[in-house]
Amino acid sequence: MLFFDPLYLLILAPGILLALWAQWRVSSAFSQASRIPARSGASGAEAAVHLLSVAGVDRVGIEPTHGYLSDHYDPSDKVLRLSPDVYRGRSLAALGVAAHEAGHAIQDAQRYAPLVLRNIMVPVAAFGSQAAWLIIMLGFALTFGRVLPPDIGRWVVYTGIGLFAAVVVFQVVNLPVEFDASRRARIALQEAGLVTPDEDQVVGKVLNAAALTYVAATLTAILTLAYYLLRATALGGRDES
Ligand SMILES: [Zn+2]
């Protein structure tokens, strides 16, 4: 019954719509900014090297990786991996994305609290995003199929929901990490003279659109949690058993 549930789509609609809109804005802002060469002439990789050294962060490698917008900072390997367009690109889009990822490396080096918390939560959030819905479904199926007594079934469902709540908390903690990386990126690019104040407006559009995708993901997770809780009420309260 949880599979094609119209209520699920209805509750999630705002999150899905915002996610689609954010995705569209990222690709359009990125492709627009990709066509504008930075006046400083720096490439994404050069900008990242410079920003890391200004921040006093050594021991962080920078390497090219495959894929479109696959840029990320890997805190376990201490490596910044930049997509081909960003690594070699000399556009405002390339500088913005490279600086944002450098921002994550700087957060890591400075033990920025939300990032530390985020990294601690990675294993449980990764497990939760894979397993939570399965545990919840199993709980419902076994309860409605009368395999489990309602009390035990409820316990299984709420265990799954609790696990999913950890995913939601992870997404919420991730928001300040992302906003801060973009804020650092824009300030550092201008201070280093890699981007002028008017070029910063273009960089801002790309990074704000990217931040919106994280807001959409968080909203979708919160709405999913609300849906699970609403459906869990079908299992009844304690007085029923
Ligand atoms: Zn980021």
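**Ground rules**

I call a residue buried under 20% relative accessible area, exposed over 50% and partly exposed in between, using a 1.4 Å probe and protein chains only. By that rule H104 is buried, with a relative accessible area of 7%. I am working on a predicted model, where local features need pLDDT of at least 70, side-chain atom pairs count only at pLDDT 80 or more, and totals for chains, interfaces and linings use all residues. Residues are numbered from 1 along each chain as its sequence is written, and side-chain values use heavy atoms, with hydrogens and water left out.

**Entry 1: the zinc site**

Which protein atoms are the donors of the zinc ion? I found H100 through NE2, H104 through NE2 and E178 through OE, lying 2.0 to 2.1 Å from the zinc ion. Donors here are N, O and S atoms within 2.8 Å of the metal (3.2 Å for Na, K and Ca); water is not among the atoms, so sites may look incomplete.

My helices (H or I, at least four residues) and strands (E, at least two) are DSSP runs, numbered from the N terminus. An α-helix has 3.6 residues a turn, so residues three or four places apart point the same way. H100 also counts as buried, at 10% relative accessibility.

**Entry 2: D180**

Next I looked up D180, which lies in helix 6 (residues 150–191). Is D180 buried or exposed? At 7% relative accessibility, D180 counts as buried. Not counting residues up to four places away in sequence, D180 touches Q107 and Y112; contact means heavy atoms within 4.5 Å.

**Entry 3: helix 1**

Helix 1 runs over residues 6–34, which is 29 residues. From its first C-alpha to its last, helix 1 reaches 40 Å, close to the 42 Å expected at 1.5 Å a residue. The expected span is 1.5 Å times one less than the number of residues.

Where does helix 1 bend? I get a bend of about 55 degrees at L12, and a proline, P14, follows within four residues. That bend is the angle between axes fitted to the seven residues ending there and the seven starting there.

For the inward side, I noted L12, G15, A22, V26, A29, F30 and A33 of helix 1 as buried. The buried residues of helix 1 pack against helix 3 (84–87), helix 4 and helix 7 (197–232). L20 also lies in helix 1, but counts as exposed at 56% relative accessibility. Its C-alpha is separated by 8.6 Å from that of A216, 196 residues apart along the chain.

**Entry 4: D5 at the start of helix 1**

D5 caps the N-terminal end of helix 1, with a side-chain oxygen 2.9 Å from the backbone nitrogen of L7. D5 also forms a salt bridge with R231, the closest N and O atoms being 2.8 Å apart. R231 lies in helix 7 and D5 in the segment before helix 1, so the pair ties together parts that are 226 residues apart in sequence. My salt-bridge rule is a side-chain nitrogen of Lys or Arg within 4 Å of a carboxyl oxygen of Asp or Glu. D5 is buried at 7% relative accessibility, while R231 is partly exposed at 23%.

**Entry 5: other salt bridges**

How many salt bridges does the structure hold? I count 12. One of them joins the side chains of D108 and K78 (2.8 Å, N to O). D108 lies in helix 4 and K78 in the loop between strand 2 (72–74) and strand 3 (79–82), so the pair ties together parts that are 30 residues apart in sequence. D108 is buried at 8% relative accessibility, and K78 is partly exposed at 36%.

I also checked R154 and D151, whose side chains meet at 2.7 Å, N to O. Both lie in helix 6, 3 residues apart, about one turn of the helix. R154 is buried at 8%, and D151 is partly exposed at 43%. Elsewhere, salt bridges that share partners join E63, D74, D77 and R81 into one network.

R146, not a glycine either, has a positive phi of about 60 degrees. R146 lies in the loop between helix 5 (113–144) and helix 6, and counts as exposed at 75% relative accessibility.

Notes:
Polar contact = N/O pair within 3.5 Å; in protein donor to acceptor, adjacent residues only side chain to side chain.
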